Amino acid sequence: MSVAPQGRRLLPVLPHGSGHLAPPQPFPQRARAAVADPQLRANIRRATRTIRDKRAAAVSEVDDWEQLREAGRTIKRRVARHLPELLERFERAATAAGATVHWARDAAEANRIVTDLVRATGSDEVVKVKSMVTQEIELNDALARAGITASETDLAELIVQLDDGEQSHILVPAIHYNRAEIREIFRREMADAPADLTDDPAVLAEAARRHLRRKFLSTRVAISGANFAVADTGSLVVLESEGNGRMCLTLPETLISVVGIEKLVPSFADLEVFLQLLPRSSTAERMNPYTSVWTGSVPGDGPSDVHIVLLDNGRSATLADTVGRQALACIRCSACLNVCPVYERTGGIAYGSVYPGPIGAIISPQLTGIAANKSLPYASSLCGACYEVCPVKIDIPEVLVHLRQSGVDGARDRPSAERTAMRTLSWVMSDQRRYENALRAARISTGPVAALTGRGRRRRPGGPAGSLAHLPWPLSAWTTSRDAPLPARQSFRDWWRARDDRPGRSAAPDPGTPAGPPDPGTPAGPPDPGTPAGPPDPGTPAGPPDPGTPAGPAALGSSAGPAGSGSGRPAPSEEHADE
Ligand code: SF4
């Protein structure tokens with residue numbers, strides 16, 4: 001416990017997590033490679049659309065779905081408030097039932113505990129139930145360094161392991177492979193694969209089944225995770241679809257379960273809520289095919305030596321964040337991945353963490369600390385679809401914005417090109433004359449470019465007219481992924497003044513004041529399609545914005561004509577209107 005200079009006692013510094021949580025390169029870099037792969041995009045688009053349609057149908061069958069979601073959220077909030085006492089209660093109950101409970105602060109400690117336990121059995125081989133938390137701590141690598149071979153038994157995880165690849169989905173880690181690719185992996189890496197293997201799913205599944213059965217019958221140690229841990233009874237719960245997990249949980253002599261401390265639920269009755277929420281949200285099933293519950297060890301029934309490793313690895317640090325802690329409520333259903341427009345285009349590998357998609361964008365930076373994982377909170381369009389489908393109502397957009405803010409706050413004292421640009425813009429825009437002069441200068445300096453590139457041409461399919469696709473550094477940071485609109489030939493204010501200078505026109509009010517009654521006899525001109533809309537007439541409702549025109553710093557140089565129609569004022573004549 002450290003002590004503040006004023007003599008106040010401070011809480012101990014909470015450790016952040018490590019392991020497979022932070023990408024070796026920032027998300028944008030990894031995403032660029034992913035979106036350039038049409039096969040990968042097609043595989044993911046097809047799979048996510050299928051799953052999300054099925055999920056929507058399964059959820060619509062339940063009349064009290066919203067109440068169930070609310071109940072799930074309430075239970076998880078209670079767990080977050082009482083986590084220390086629930087963990088102690090769990091340890092007491094599990095120990096009394098014959099299990100041995102271990103505590104691990106981080107990935108290294110958890111790996112050391114598990115490796116020592118496996119070594120103590122004298123075995124150099126383990127089978128594994130699908131477990132994200134063991135992926136998180138990179139347990140397979142740690143075991144391999146100790147000369148122990150870990151075999152995944154979930155079909156999708158087996159495919160990824162055989163290919164020495166990366167997982168890209170919580171529920172379907174091999175979502176980015178198609179059938180032909182899986183057949184090739186089996187033929188290449190699975191020594192006992194039949195010679196006449198085809199890419200028929202039933203044939204592939206049969207080959208995997210025979211391969212795994214030999215493993216189950218010869219391996220004495222199994223490693224699992226857990227979907228839930230019940231504090232009152234010390235029970236662990238695993239949900240899976242293939243039955244391979246149940247073989248791991250019952251056949252071996254030693255069972256080691258690595259469990260994140262957030263997996264607690266207070267009582268057995270609370271499972272009722274989650275056993276309804278999870279299957280429909282993840283696999284779109286009314287009921288889960290295989291739900292295994294075990295409590296300690298029972299002589300003559302299942303593993304005789306049962307160990308539970310309770311893992312922190314950044315969860316306490318996450319719990320300390322009053323906004324971000326809601327991420328700990330996640331039940332890993334993957335519904336948020338399947339509706340996310342960013343995930344659909346990049347797939348999960350771009351996230352560089354065992355937790356991909358929207359939940360990965362909020363949980364990974366919190367487990368590692370935001371400084372180690374700055375780009376992930378930006379891997380979202382903030383459309384809110386993830387919040388709409390989350391069965392425990394995690395407000396992912398709220399946490400994303402909060403983490404972005406934390407990242408900005410953490411870097412506030414360091415120089416940055418973006419901050420310098422924003423300060424300069426702020427200075428320019430805080431004075432009307434300065435702003436107008438800057439607009440004129442921008443218009444003059446880009447005039448030759450506009451003439452050369454030809455106004456009205458779209459630089460990218462669907463991009464705005466009269467724009468540039470490439471600018472030199474540092475402005476290339478903007479044009480790498482967006483067009484930069486050229487300044488309008490005439491600003492709104494200039495157009496307004498010119499309009500009032502015409503013979504026979506009386507002085508018009510300043511555009512900043514409410515407009516007079518509209519002239520019903522004169523139709524308004526169309527808005528400029530190529531530039532961002534200027535301020536709407538305060539006296540009339542604004543027309544819809546041009547969806548093809550992004551707002552952004554470059555738009556500051558282009559004040560367009562009045563947006564929308566219905567102001568009753570005459571439209572700018574051809575020679576005044578931009579384009
Ligand atoms: S955040 Fe919600 S929707 Fe996403 S995986 Fe977790 S529980 Fe499912």
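**Exercise 1.** Which residues of the largest nonpolar core touch the most other members?

*Solution.* First, the ground rules: this is a predicted model, where local features need pLDDT of at least 70, side-chain atom pairs count only at pLDDT 80 or more, and totals for chains, interfaces and linings use all residues. Numbering runs from 1 along each chain as its sequence is written, and side-chain values use heavy atoms, with hydrogens and water left out.

Next, a nonpolar core is a set of buried (under 20% relative accessible area, 1.4 Å probe, protein chains only) Ala, Val, Leu, Ile, Met, Phe, Trp, Tyr and Cys residues joined through side-chain atoms within 4.5 Å. The largest one has 103 residues, and Phe-90, Phe-186, Phe-228, Leu-264, Ile-359 and Ile-362 touch the most other members. Another core, of 20 residues, lies apart from it and includes Val-114 and Leu-139.

**Exercise 2.** Work out whether Cys-333 and Cys-390 are buried or exposed.

*Solution.* Start with Cys-333: it counts as buried because its relative accessibility is 6%. Cys-390 comes in at 9%, so it's buried too. Now check for disulfides (pairs of cysteine sulfur atoms within 2.5 Å): the structure holds zero.

Key
Buried means under 20% relative accessible area, exposed over 50%, partly exposed in between (1.4 Å probe, protein chains only).
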